[in-house]
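Here are my notes on the model, point by point. Please read them with the structure open.

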Amino acid sequence: MRKRLKFIIIGVELFVLVAVAGIMFNVVHLTSATEGVTKVEIPEEEVRIQEEVKESVEMKGYRNIALFGLDSTVGELTKNTRSDTIIIASVNLDTGEIKLMSVYRDTYLNLGDDTYSKCNAAYAKGGPQQAISMLNANFDLDITDFVAIGFEGLKEVIDVLGGIYIEIDEDELPYVNGYQLSMAVDMGIGYTEVTEAGYQLVDGLQAVAYCRIRAIGNDFSRTARQREVLMAIMDAAQQTDPATLTKAVNVGAQYIATSVDLEDMVELAGQITDYYITDEGGVPTADQRVFADLSCGDSIVTTDLTATASYVHQVLFGQTDYEVSANLQSISDIIAENTAPYIRN
C-alpha cells in the first residue's frame, strides 16, 4: 500500500501541476482542491494489456503512468481533443527514480483499437482509455492510469509557483512570442514579450509557448523542451514553501483529468524530494524513424516497431534483451506494410 500511494504521489507530481500535488501536507486544502479535478473511472477491461505483459517479471517494482498534454487551452479533458504531448512516466518504487519517454505525436501507430493513424488521434477518438491502450499495444506496457492537463492549467500552476527557469535560444524567441500572442487571444488575456535569449525566469504563458515550438527541430526538439519544462517545474516545486504548493494544487486541480483515486490523494503525506528524474528521451529515435506522406498527413514511421519497443524497455526498465509480444510483432508488420509505398527518400 505504501508503494502504491507513493506511485500516486509521483504520478501527480510528474505532470506539471502535478509536480506540486506531491506534498500533500494539508488535508483541508487538498480536499477542496481535489473537488475540482475531473475524475475518470477506467474499468480494467477497457484498457488493452497483453497477457504476456501482465505476467512480466521485469516490470515488477515499476509503476507506469501516461501523461497527456491536450491540444486545447480550454477544451475538453476527456474526449474530442488530440494529445499534443504524450509521455510515458516510469517510477521505480524502491528507489524513487523517474524516467520519462516521449512518444512523438505524429508517429503512425496502432490506435489501440487496431486502426492506424497518428498516435495523437487516439485520445480524441476514444479518450484516455484508448490513448492508454495505444501506448500499451505499441510498446508492450501495463499502463492503467493517466493524468491529463490543458495548456491553461499548465500556465496557471507555473504562475503560482512564481515561474520557472529555462534556457531560451535566440532563434526560439520569435516563436515563443508568436505562440504567446495566439494563446493570449484565445484566452482573452495579455502577455509579456520575451525580449532576450538566455537562461531566465519565465511565467506560465511564456513556458507553455516554449513547450509548443515546433518549427525549430520539428517534434523532436519540441518534446525535449516539454521535458525540460517538466524538470524545471519539479525544481521550482522542491524549492518553494508549503503555502505556495497548497495554492498551486487548488489552482491547478480544475485543469486536470485523471484516473488516480482522489480519496487516496487526500490521505497521502509525502516529500517531493524523495523522487528524481534520471533519464528522459523520445521515440522513435533518429536511427529508427523515417517520414511518410500518408492519408492522415505527414507522419513519422518507425522502421521497426519491435526495435523501438525494445529500446523503450531498455531505457525505462533496464531490460537489454527484451523480446516483444506476438501481438506487437504483428502490429510492427502491419505498420511496415501500410507505409512502405509512401516512405519519403
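1. Leu201 sits in strand β9, which covers residues 198–202. This is a predicted model. Leu201 is partly exposed, at a relative accessible area of 43%. Together with Tyr165 and Tyr199, Leu201 forms a nonpolar surface patch. The accessible area of these residues together is about 360 Å².

2. How do helices α5 and α13 pack? Their axes are 7 Å apart, at an angle of about 95 degrees. Angles of 65 to 115 degrees count as roughly perpendicular, so α5 and α13 are roughly perpendicular to each other. On the α5 side, Ala137, Asn138 and Phe139 make the contact. Helix α5 spans residues 121–139, and α13 spans 326–339.

3. Asp140 lies in the loop between α5 and β7 (145–150). Is Asp140 buried or exposed? Its relative accessible area is 0%, and buried means under 20%, so Asp140 is buried. Phi of Asp140 is positive, about 55 degrees, although the residue is not a glycine.

4. Asp114 also deserves a look. Its phi is near 65 degrees, a positive value in a non-glycine residue. Asp114 is in the loop between β5 (108–110) and β6 (116–118).

5. Check the peptide bond from Val283 to Pro284. This bond is cis, with omega near 0 degrees. Pro284 belongs to the loop between β11 (276–283) and β12 (289–294).

6. Thr240 is in the loop between α9 (218–239) and α10 (242–252). Leaving aside residues up to four places away in sequence, Thr240 touches Leu161 and Leu245. Thr240 and Gly162 are 78 residues apart in sequence, but 9.0 Å apart in space, C-alpha to C-alpha.

Technical notes:
Residues are numbered from 1 along each chain as its sequence is written. This is a predicted model: local features need pLDDT of at least 70, side-chain atom pairs count only at pLDDT 80 or more; totals for chains, interfaces and linings use all residues. Side-chain values use heavy atoms; hydrogens and water are left out. Patches are made of residues with over 30% relative accessible area and no salt bridge: like charges are joined within 9 Å, nonpolar side chains (Val, Leu, Ile, Met, Phe, Trp, Tyr) within 5 Å. Accessible areas come from the Shrake-Rupley method with a 1.4 Å probe; for residues, only the protein chains shown count as cover. A salt bridge is a side-chain nitrogen of Lys or Arg within 4 Å of a carboxyl oxygen of Asp or Glu. Helices (H or I, at least four residues) and strands (E, at least two) are DSSP runs, numbered from the N terminus. Buried means under 20% relative accessible area, exposed over 50%, partly exposed in between (1.4 Å probe, protein chains only). Axes are lines fitted to C-alpha atoms, for helices over the stretch in contact, and angles run from 0 to 180 degrees between N-to-C directions. Angles under 35 degrees count as roughly parallel, over 145 as roughly antiparallel, 65 to 115 as roughly perpendicular and the rest as oblique. Contact means heavy atoms within 4.5 Å.
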